[in-house]
Amino acid sequence: MTKPIWIKHASQLATLASSEKGPRSKKAMSDLGLIEDGSLWIENGLIQAVGITADLEKQYAGREHEAEVVDATGHLVTPGLVDPHTHVAYGGSREREFEMRLEGATYMEIMNAGGGIHATTRMTREASEEELIEQTTKRLDLFLEHGVTTIEGKSGYGMDLETELKQLRVMKTLQETHPIDIVPTFMGAHAVPVEYKGREDEFVDLLIDEMLPVIAEEKLAVFNDVFCEKDVYTPEQSERVLEAGKRLGLIPKIHADEIESYGGAELAAKVGAISAEHLLKASDEGIKAMAEAGTIACLLPATALYLREQAAAGRKMIDEGVAVAISTDCNPGSSPTTSMPLVMNLACISMRLTPAEALTAATYNAACAIKCEDKAGSLEVGKQADIVLWDAKNYQEIQYFFGVNHVKAVWKKGVQVVGK
């Protein structure tokens with residue numbers, strides 16, 4: 001049995017605790033559950049007490065000598081960050097495409113010429129499972145260094161059953177061996193494979209009849225995602241894939257309205273998707289439909305920056321009652337980053353979220369977007385001790401200093417994994 005851990009005298013303890021359950025929207029996104037001179041008592045990887053340091057000193061009087069004491073004077077303490085949208089398990093890299101875009105090529109032009117997702121698909125198909133584990137581990141280590149303790153990971157760089165299974169099995173292995181929790185998503189409908197160009201409906205049939213049943217039977221994914229976009233999958237094809245997944249117990253997600261307004265937000269609401277991703281070009285009607293359906297908007301401001309696009313209308317979505325989460329969209333083509341602190345900065349700068357809303361979007365709402373709010377996303381008794389100690393005195397400071405990683409220490413399930 002490990003020693004208890006007592007983190008005490010935090011300048012600010014942002015608990016993100018609330019009596020309300022489910023994702024937060026409107027004014028609730030600004031309620032961080034702040035405690036001045038805050039304290040946490042941790043045992044066996046779980047949070048046992050949260051409160052003002054003086055109260056915990058009374059509660060645990062006589063047990064101080066048992067604990068490893070962490071003096072957090074002058075520092076902010078928050079839940080571990082949650083990244084609800086990544087493509088973390090893939091082979092190779094695409095730095096040449098970055099230069100191509102700067103020379104004028106668009107994202108879709110590169111993809112339609114066999115680059116983009118298709119290039120990573122080739123490299124991922126060619127990589128062995130061991131090679132993918134090695135490459136993905138390095139990215140997960142970087143996530144930890146940036147305060148991320150839970151992520152969602154998508155397949156989708158195989159688009160054949162063998163490689164999709166390989167990606168998902170890599171994530172399953174890393175879930176068991178790496179400190180970060182990985183919540184898996186099947187995304188066989190990430191693009192149309194080159195060999196099925198012009199026969200898109202045939203590939204949709206393959207996804208529904210052959211791939212999805214195996215994924216569900218082997219319990220390799222929690223969610224089922226599809227790229228609903230012009231020249232990728234139509235709303236009708238996307239609905240078929242998502243409904244087929246639902247029948248097998250996979251929860252729908254959807255890449256929606258990234259390049260064009262294409263009805264993706266509306267479809268997300270229609271099929272009861274837990275979240276819709278990107279949403280740069282979501283229509284007013286789609287935003288209202290998502291608010292009514294309770295679909296979380298998972299916004300990716302680093303992707304918009306990298307592609308030199310106008311970011312999603314995060315401020316409008318929150319004001320309309322949509323619960324907003326934010327993510328790195330870590331992937332080799334449009335957002336090669338593991339920095340959630342940067343994403344929080346960008347959420348404030350490019351989408352007009354307040355610092356409090358950005359922190360909620362990167363913790364509790366992000367946890368809700370991948371159905372792990374029962375154990376992550378807030379600092380509450382009984383939850384996993386996933387904790388970040390920041391070299392900052394308050395939550396505003398981590399948003400104020402643009403592009404700076406203030407992470408000083410990270411605990412995952414009560415074990416210190418960064419800052420030893």
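Hi everyone, thanks for coming. One thing before we start: the model is predicted.

Let's begin with the sheet. Strands in a sheet pair through backbone hydrogen bonds, and they can do that in a parallel or an antiparallel way. Here we have an open sheet of eight strands with parallel pairing, and the order is E6-E7-E8-E9-E10-E11-E12-E13. Which strands stand at the edges? They are E6, residues 81–83, and E13, residues 324–326. Each has a single partner strand, so one side of each is left without a neighbour in the sheet. From one strand to the next, the twist averages 25 degrees.

Find His255 on your screen, and you'll see Glu277 of E11 standing opposite.

H6 lies across E8 and strand E7, residues 148–154. Relative to E8, H6 runs at about 175 degrees.

Keep H6 and E8 in mind, please, as we turn to the pockets. The second largest pocket has a volume of about 220 Å³. Fifteen residues line this pocket, and Gln175, Ile182, Val183, Pro184 and Val222 are the closest to its centre. H6, residues 161–177, and E8, residues 181–189, each supply at least two residues of that lining. By type, the lining divides into nine nonpolar residues, one polar and five charged.

And the largest pocket? Its volume is about 290 Å³. There are 16 lining residues, with Arg101, Thr106, Tyr107, Leu307 and Glu309 nearest the centre. Two or more residues come from each of H2 (95–102), H3 (107–112) and H11 (301–306). Which element gives the most to this lining? That's H2, with three residues.

Last stop: charge pairs. Side chains of opposite charge can pair when their charged atoms come close. The count for this model comes to 24 salt bridges. One of them joins Glu243 to Lys246, where the closest N and O atoms are 3.6 Å apart. Where do these two residues lie? Both are in helix H8, residues 235–247, and they sit three residues apart, about one turn of the helix.

That's my tour, and I'm happy to go back to any part of it.

Key
Residues numbered from 1 in each chain as written. Predicted model: local features only at pLDDT ≥ 70, side-chain atom pairs only at ≥ 80, totals over all residues. Heavy atoms only, no water. 1 Å grid on protein atoms, 1.4 Å probe; cavity = no way out; pocket = protein on both sides within 12 Å on 5 of 7 lines; lining within 4 Å. Points joined across faces, edges and corners; volume = space filled by probe spheres on them. Helix = DSSP H or I, 4+ residues; strand = E, 2+ residues; numbered from the N terminus. Nonpolar A, V, L, I, M, F, W, Y, C, P; charged D, E, K, R; others polar. Pairing = 2+ DSSP bridges. Axes fitted to C-alpha atoms, helices over the stretch in contact; angles between N-to-C directions. Contact = heavy atoms within 4.5 Å. Salt bridge = Lys/Arg side-chain N within 4 Å of Asp/Glu carboxyl O.
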